[in-house]
Amino acid sequence: MGKIAVVTDSNSGITQEQAKAYGIYVLPMPFFINDETFYEDISLTQEQFYEKLEGNADISTSMPSVGSVTDLWDGLLQEYEEIVHIPMSSGLSSSCETAAMLAQEYGGKVQVVNNQRISVTQKQSVLDAMAMAEHGKSAQEIKDYLEETRYDSSIYIMVDTLYYLKKGGRLTPAAAALGTLLKLKPVLQIQGEKLDSYAKARTVKQARTIMIEAIKNDFVKRFGDESGESMHLFVAYTKDERTALDFKSQIETALPGCEVEVVDPLSLSVACHIGPGALAVACSKKLFLT
């Protein structure tokens with residue numbers, strides 16, 4: 001019997017194929033398109049999703065059903081002693097709160113992590129959990145570490161339009177106020193529970209510069225690491241991979257000695273709320289095991 005199973009959801013951007021390679025388990029996020037139910041990376045590809053999104057289909061997201069969560073846990077506990085469950089940020093979905101409530105019935109065998117992550121930073125939390133499990137840490141120790149370091153990450157996102165964010169109710173009032181400035185390129189941030197406004201740019205070029213400078217500033221002022229040696233660095237995007245790869249090169253030029261480790265598409269349930277053409281840079285502190 002293995003000791004710890006690591007579970008996450010598809011908001012992490014981890015595909016089912018990647019999950020098999022990692023040896024983890026990913027709950028696909030459900031969403032509804034014109035009254036039909038689809039599951040991310042199960043019954044709908046990225047390409048099909050954007051075709052429907054840009055075709056003005058009626059799209060809404062949901063969270064994994066109680067049954068899908070408990071069935072997975074019950075099956076895993078036949079093989080593993082404990083489970084670490086890492087859902088998306090509690091500030092963006094109620095799936096974390098629901099999972100925590102369900103875990104109360106499992107006598108401490110299921111530890112639900114509420115560390116305010118999503119997308120590439122959530123994915124890094126999953127990888128850190130795996131590393132800690134391999135080093136003999138308990139599920140409780142993994143949960144405690146991931147929650148203690150919940151704010152050791154940043155995401156900055158440029159979106160083409162705030163239409164999808166406003167429609168999905170995923171904005172604080174400050175960010176929603178930018179809705180009157182749709183001709184600008186708003187830069188949003190996640191440094192905790194929710195998306196909030198960070199800056200307004202007049203061009204994509206200016207938005208990119210703002211995001212890079214924001215990450216540089218976080219390295220120094222928030223994380224005390226001007227060189228970035230103790231930080232993971234990521235790029236994420238919706239639909240346009242070529243632009244994301246170009247942004248990767250720009251970041252690495254601006255931050256000598258730093259490597260963008262990951263260029264990942266954002267998960268479909270995230271893309272639903274920010275639309276195509278979004279570009280993001282993110283970082284999180286590296287795990288140092290003792």
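**Close-up views of a predicted model**

**View 1. The lining of the largest pocket in this predicted model.** The largest pocket is lined by 19 residues, and those that lie nearest its centre are Thr-15, Gln-46, Pro-265, Leu-266 and Leu-268. Helix α2 supplies the largest share, namely three residues. Sorted by class, the lining has seven nonpolar, seven polar and five charged residues. The volume of the largest pocket is about 350 Å³.

**View 2. The open sheet of six strands.** Its strands follow the order β10-β9-β8-β13-β11-β12, and their pairing is mixed. Which strands stand at the edges? They are β10 (195-201) and β12; each has a single partner strand, so one side of each is left without a neighbour in the sheet. From one strand to the next, the twist averages 20°.

**View 3. The pairing of β11 with β12.** Strand β11 (residues 231-237) and β12 run parallel and are joined by four bridges. Tyr-237 has Pro-265 of β12 as its bridge partner. Pro-265 is also one of the residues nearest the centre of the largest pocket. As a general point, strands of a sheet pair through backbone hydrogen bonds, either parallel or antiparallel.

**View 4. The open sheet of three strands.** The order of the strands is β4-β3-β5, with antiparallel pairing. Strands β4 (36-39) and β5 (59-61) stand at the edges; because each has a single partner strand, one side of each is left without a neighbour in the sheet. Direction ignored, neighbouring strands of this sheet are turned by 30° against each other on average.

**View 5. The pairing of β3 with β4.** Strand β3 (residues 30-33) pairs with β4 over four bridges, in the antiparallel sense. Which residue of β4 does Phe-31 stand opposite? The residue facing Phe-31 in this pairing is Phe-38.

**View 6. The buried residues of helix α3.** Helix α3 spans residues 66-76, and its buried residues are Val-69, Thr-70, Trp-73 and Leu-76. Why are these residues on the same side of α3? Around the helix axis they cover an arc of only 130°, and therefore they lie on the same side of α3.

How values were computed:
Residues numbered from 1 in each chain as written. Predicted model: local features only at pLDDT ≥ 70, side-chain atom pairs only at ≥ 80, totals over all residues. Heavy atoms only, no water. 1 Å grid on protein atoms, 1.4 Å probe; cavity = no way out; pocket = protein on both sides within 12 Å on 5 of 7 lines; lining within 4 Å. Points joined across faces, edges and corners; volume = space filled by probe spheres on them. Helix = DSSP H or I, 4+ residues; strand = E, 2+ residues; numbered from the N terminus. Nonpolar A, V, L, I, M, F, W, Y, C, P; charged D, E, K, R; others polar. Buried < 20%, exposed > 50% of the residue type's maximum accessible area, 1.4 Å probe, protein only. Arc of directions from axis to C-beta. Pairing = 2+ DSSP bridges. Axes fitted to C-alpha atoms, helices over the stretch in contact; angles between N-to-C directions.
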